[in-house]
Amino acid sequence: PYEPAAHEPHRRKGIGRALVRRLAGHERERDCYGMFVLTENGNDAALATYATGGPVREDGIVMLTWEPPTGD
């Protein structure tokens with residue numbers, strides 16, 4: 001999924017951590033060289049979920065985005 005999320009009543013029950021572990025398992029089974037995720041610094045829920053999988057936080061990563069042209 002592009003942007004996984006859980007409805008409020010299902011949060012903080014380990015669903016996100018289980019998904020991350022499962023994805024990492026698929027990655028290992030297929031001999032992938034790694035995986036990555038992007039999130040905002042202020043997204044505490046996402047940062048806590050991803051941190052449980054043992055990732056290395058990459059400082060210095062820059063993400064650039066563009067909005068579609070408005071036709072002006």
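Me: What percentage of the 72 residues of the protein count as buried?

Reply: Let us begin with what kind of model this is. The model is predicted, so local features need pLDDT of at least 70 and side-chain atom pairs count only at pLDDT 80 or more, while totals for chains, interfaces and linings use all residues. Residues are numbered from 1 along each chain as its sequence is written, and side-chain values use heavy atoms, with hydrogens and water left out. Now the idea: a residue is buried under 20% relative accessible area, exposed over 50% and partly exposed in between, using a 1.4 Å probe and protein chains only. Here, 8% of the 72 residues count as buried.

Me: How many helices and strands does the secondary structure come to?

Reply: The protein has 2 helices and 0 strands. Its radius of gyration is 15 Å, well over the 11 Å that the globule rule gives for 72 residues, so the protein is more spread out than a compact globule. That radius is taken over C-alpha atoms, and the rule is 2.2 Å times the number of residues to the power 0.38. Along the principal axes, the C-alpha trace spans about 45 × 35 × 25 Å.

Me: Which residues form a nonpolar patch on the surface?

Reply: Patches are made of residues with over 30% relative accessible area and no salt bridge; like charges are joined within 9 Å, and nonpolar side chains (Val, Leu, Ile, Met, Phe, Trp, Tyr) within 5 Å. In this case the members are Phe 36, Leu 38, Ile 61 and Met 63, and together they have about 510 Å² of accessible area. Look at Leu 38, in the loop between helix H1 (15–29) and helix H2 (44–51). Leu 38 is exposed at 52% relative accessible area. The C-alpha atoms of Leu 38 and Ile 61 are separated by 9.7 Å, with the two residues 23 apart along the chain.

Me: How many salt bridges does a search of the whole structure find?

Reply: Side chains of opposite charge can pair when their charged atoms come close. A salt bridge is a side-chain nitrogen of Lys or Arg within 4 Å of a carboxyl oxygen of Asp or Glu. The search finds 2. Glu 8 pairs with Arg 11, their closest N and O atoms being 2.8 Å apart; Glu 8 is exposed at 55%, whereas Arg 11 is partly exposed at 43%. Arg 30 pairs with Glu 29, where the closest N and O atoms are 3.3 Å apart. Arg 30 is exposed, with 52% relative accessible area, and Glu 29 is exposed too, at 55%.

Me: What is the phi of Arg 12 near, and what is that of Asp 31 near?

Reply: Most residues other than glycine have a negative phi. Arg 12 has a positive one, near 60°, and Asp 31 has a positive one near 55°. You will find Arg 12 in the segment before H1, exposed at 77% relative accessibility. Asp 31 lies in the loop between H1 and H2 and is exposed, with a relative accessible area of 70%.

Key
Accessible areas come from the Shrake-Rupley method with a 1.4 Å probe; for residues, only the protein chains shown count as cover. Helices (H or I, at least four residues) and strands (E, at least two) are DSSP runs, numbered from the N terminus.
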